[in-house]
Amino acid sequence: MTFAPDMPHVSRRGLMLILSSPSGAGKSTIAQAILEQDNCLELSVSVTTRSPRPGEIDGVHYHFRTHTDVEAMVAAGGFLEHAQVFDNHYGTPREPVEKALAAGKDVLFDIDWQGARQLTEKAANDVVRIFILPPSLSELERRLRGRGQDPDEVVRKRMAKASSEMEHWAEYDYVLVNTDLDASIRAVRSILEAERLKRSRQKGMETFVAALRGL
Ligand code: ADP
Ligand code: 5GP
């Protein structure tokens, strides 16, 4: 099933949908499902200095780059936001996001609280921030291990950081506990649909209503 806003004749200001969570809570899984069902939404593919996990493709899941490449991009102002997360550097390339928003698309970001903060400082009216929590710490660990892609030491590090990540939950507009995956996907889709209908985002509405009223 695909869905899209059903008012194509009213132009809309693009929004920036941010999903954050402690690692393993399920944000990439939820993001993937939303993206598959929505042709008005594009994923912002981040740059990272971490190594690809099995199955991860350069340019699809991340742009995998060296520290030197990332430093050059920072110096050139190529990132909308960037931060150190765990032992690596992550950043959102500026150009694709600006292009997508200019083309009237919404953009989905799978970034941490530092990135969410920086995007909020730059575009407070355009961000919609969702924080995703795991149902319990034991379930978080089960998911991190179940993903089967990170070595034991990486899983331990991520579990140790989970509490400080979750400290930032109150900086988000929406918070959901990802117990049932389908319910979480439905919740994120509902948030997206409602946010798209916000009056402030429907910049073509004034003209549309004026025409409806015969003015
Ligand atoms: P994140 O992107 O937040 O690090 P992932 O989306 O990679 O997390 O999810 C971690 C693991 O948990 C994956 O194996 C995923 O299939 C699984 N998962 C995600 N949501 C749920 C859920 N609601 N119930 C059970 N397993 C889940
Ligand atoms: P992972 O290594 O599991 O893919 O991601 C680790 C953490 O980095 C996750 O919390 C993820 O949301 C965050 N992250 C991924 N890309 C970016 C980015 O471009 N900027 C920021 N600030 N965080 C990111």
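**Notebook: the ligand 1 site**

I looked up the pockets first: the space taken by ligand 1 is the largest pocket. For a pocket I used a 1 Å grid over the protein atoms alone, taking an open set of points with protein on both sides within 12 Å along at least five of seven lines.

I noted that this is a predicted model, in which local features need pLDDT of at least 70, side-chain atom pairs count only at pLDDT 80 or more, and totals for chains, interfaces and linings use all residues. Residues are numbered from 1 along each chain as written, ligands are numbered from 1 in the order written, and side-chain values use heavy atoms without hydrogens and water.

I then listed the shell, with a heavy atom within 4 Å as the criterion. There are 15 residues around ligand 1, and Gly-24, Ser-28, Thr-29, Arg-147 and Asn-178 come nearest. By class I found three nonpolar, eight polar (Gly counts here) and four charged residues. Helix H1, residues 27–37, gives the most to this shell, with three residues; helices are DSSP runs (H or I) of at least four residues.

I checked polar contacts, meaning N or O pairs within 3.5 Å. Nitrogen atoms of ligand 1 gave these distances:
- The Arg-143 side chain has an N or O atom at 3.2 Å.
- Thr-179 has a backbone N or O atom at 3.0 Å.
- Leu-181 has a polar backbone atom at 3.3 Å.

Ligand 1 taken alone exposes 570 Å², of which the protein buries 78% (Shrake-Rupley, 1.4 Å probe).

Last, I looked up the record: an unreviewed UniProt entry places "domain: Guanylate kinase-like" at residues 14–193. I found that span to be 43% helix and 23% strand, with its end C-alpha atoms 12 Å apart; strands are E runs of at least two residues.

How values were computed
Polar contact = N/O pair within 3.5 Å; in protein donor to acceptor, adjacent residues only side chain to side chain. 1 Å grid on protein atoms, 1.4 Å probe; cavity = no way out; pocket = protein on both sides within 12 Å on 5 of 7 lines; lining within 4 Å. Sits in = over half its atoms within 2 Å of the grid points. UniProt positions renumbered as here; feature names shortened; annotations may be inferred.
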